Every structure is written in C-alpha cells, then in structure tokens.
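Please consider the following model together with its sequence.

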Protein chains: 2
Amino acid sequence: MREHRDKGDPSYYAVIFTSKRTQGDKGYAAMAQHIEELAREQPGFLGIESTQNQQLGITISYWSSLEAIKAWREHPAHKVAQKRGKNEWYKYYAVRICKVESERFFEAN
Amino acid sequence: MREHRDKGDPSYYAVIFTSKRTQGDKGYAAMAQHIEELAREQPGFLGIESTQNQQLGITISYWSSLEAIKAWREHPAHKVAQKRGKNEWYKYYAVRICKVESERFFEAN
C-alpha cells in the first residue's frame, strides 16, 4: 500500500496475518482470491500486501478503524473461510492487530 | 515469530518494512543477512519474519519498545545499510512503526 495521507500521525490500523500452510491447494487459492476481492469492498478497507515463500506467508491488510477490522472479521463469507482455514489450509497462523503509529516512505528518483 | 507472552494486551511493537527492489543483487543478499544477524543481537529485539516475491518484499521485525526501535534505526552499521538501500537496492520502500494491540494464534492439532 502506498501512502494514503501525509506523514505524521497516520491513525490507521494494520492486521498482520502470518501463516504456515498445510500441503496441497485444497481450494485455498480460489478462496484466497475471493476473500481478498471481498475485503477490498469492505467499509474502512485501505489496502492489502501479501507475499509468501515455502515456509511462511505474510498478508498485511490496512484498515481505517478497529470497528472496520471487527466487522470484516465477523463477515459471514469471511467466517466460512476462517473455518476452512483452521480445518484444511493452515498448520499455524498468527493474527496481530496493530495501530500504525508512524510511517515513512522512500521512492528512488 | 511465535507468541512470546500470553494473549491479551501484548504491549510490543512491529516494524513493517515493505519494499520493491532494483534489478540485480549488488551486494544486497550479503548485507541483508548481516543486518538481520545484527538486529537479532539488539536490546529489545523479539523476532523477525520475512517473505518476498518478484514484486514485493515484506519484513516484519518485533521489538519491546519504541526506544529499542529508535536505537536500532540509529545503529551505525544499520545506517550504512540504509544509505546503500536508498542508493542501490530499493526502488521504493515504506516503514511503518506499529503498536501491537491484540494478537491471537492458531495451531493445528
């Protein structure tokens, strides 16, 4: 996510989701795409960044408020994905809800 | 990073570093390894997680306090790496300092 407001007190939230997958796709890729598209439509959604390697996946989503995060967490379609995540797709995950206290950016000329 | 204390108010900080690299290694991989080893030795360091794909790199480091983050940011060897980062290795980066407000973990049986 590029900067969405001026430097200083940014006043928004990041949800850090780190995970280790089980073996095989088992419908994961299609659901991950669906859930990301749905997240982008939610009130208070600001951006999402995701990378993974063989050992670890990291997805960070950015939100305008804790209320927006909570509403997305409770979204019925997201709940379905969370349940399948626990049962099928993840060996391990951590979810950290964080307040962004400061931010700075660099862009090469 | 696995949980390092009980669920509830975790009271620690995450530094989210997202970046786009320039082409070619130019000494990046060796320096990245060196800097990560050095970070692990710093007071207040709690953990680090890193993944990357062709478009994006994400590194999250976890720290016990804002003071620890600041001291690491000002560490002379880190300063040298930061300068080379701007001049040689990064097209773009963002650094977000975040307070972890809540965390939860899942581990499959």
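Which residues does S19(B) touch, not counting residues up to four places away in sequence? The contacts of S19(B), with contact meaning heavy atoms within 4.5 Å, are Q55(B), L56(B), G57(B), Y90(B), Y92(B) and Y93(B). S19(B) lies in strand β1 (residues 12-21) of chain B; strands are DSSP runs of E of at least two residues, and helices are runs of H or I of at least four, both numbered from the N terminus. S19(B) is buried, at a relative accessible area of 7%, where buried means under 20%, exposed over 50% and partly exposed in between (1.4 Å probe, protein chains only).

This is a predicted model, in which local features need pLDDT of at least 70 and side-chain atom pairs count only at pLDDT 80 or more, while totals for chains, interfaces and linings use all residues. Residues are numbered from 1 along each chain as its sequence is written, chains are lettered from A and ligands numbered from 1 in the order in which they are written, and side-chain values use heavy atoms, leaving out hydrogens and water.

Helix α1 of chain A spans residues 28-40. Its buried residues are M31(A), I35(A), L38(A) and A39(A). They cover an arc of only 100° around the axis, which places them on the same side of α1(A); the arc is that of the directions from the helix axis to the C-beta atoms. The elements of chain A against which they pack are tabulated here.

| Element | Residues |
|---|---|
| β2 of chain A | 45-52 |
| β3 of chain A | 57-63 |
| α2 of chain A | 66-73 |
| α3 of chain A | 76-89 |

Chain B can be laid on chain A with an RMSD of 0.0 Å by a turn of 180° and a shift of 0.0 Å along the axis, by least squares on the C-alpha atoms of residues with pLDDT of at least 70 in both. The two copies are therefore related as by a two-fold rotation axis.

Terms used:
Expected span 1.5 Å × (residues − 1).
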